[in-house]
Amino acid sequence: MITFNPLWKTLKEKKISQYDLLNKFKMSRGMLDNLKHNRSITLNTLNDLCNMLDCDITDIIEYKGD
């Protein structure tokens, strides 16, 4: 199972709020909802997140065996 738990830690460390994601970074509410509920996202979206947050992919997702 892939989770976005590292994303929330990265956001906290960078002092970026969910409000910032929606307004400053122009993320859709649907995408934020997908991230909150560990739903699938595209690799393009994952790339965009890495660029937005200036971080590595491991700062956004983690894999946990089922």
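The sulfur of Cys55 lies 4.9 Å from the closest cysteine sulfur, that of Cys50, which is too far for a bond. Seen from Cys50, the closest cysteine sulfur is likewise the one in Cys55, at 4.9 Å. A disulfide is called when a pair of cysteine sulfur atoms sits within 2.5 Å, and this structure ends up with zero of them. Both cysteines are tucked away: Cys50 counts as buried at 15% relative accessibility, and Cys55 counts as buried at 16%. (Buried is under 20% relative accessible area, exposed over 50% and partly exposed in between, with a 1.4 Å probe and protein chains only.)

All of this comes from a predicted model, in which local features need pLDDT of at least 70 and side-chain atom pairs count only at pLDDT 80 or more, while totals for chains, interfaces and linings use all residues. Residues are numbered from 1 along each chain as its sequence is written, and side-chain values use heavy atoms, with hydrogens and water left out.

As for pLDDT (the predictor's confidence in each residue, from 0 to 100), the chain averages 95, and 100% of the residues score at least 70. Helices (H or I, at least four residues) and strands (E, at least two) are DSSP runs, numbered from the N terminus.

Helix H3 (residues 29–36) has Met31, Leu32 and Leu35 as its buried residues. These span an arc of only 100° around the axis, so they share the same side of H3; the arc is taken from the directions from the helix axis to the C-beta atoms. Their cover includes H1, helix H2 (18–23) and helix H4 (43–53), where contact means heavy atoms within 4.5 Å. After H3 comes Asn38, with a positive phi near 55°.
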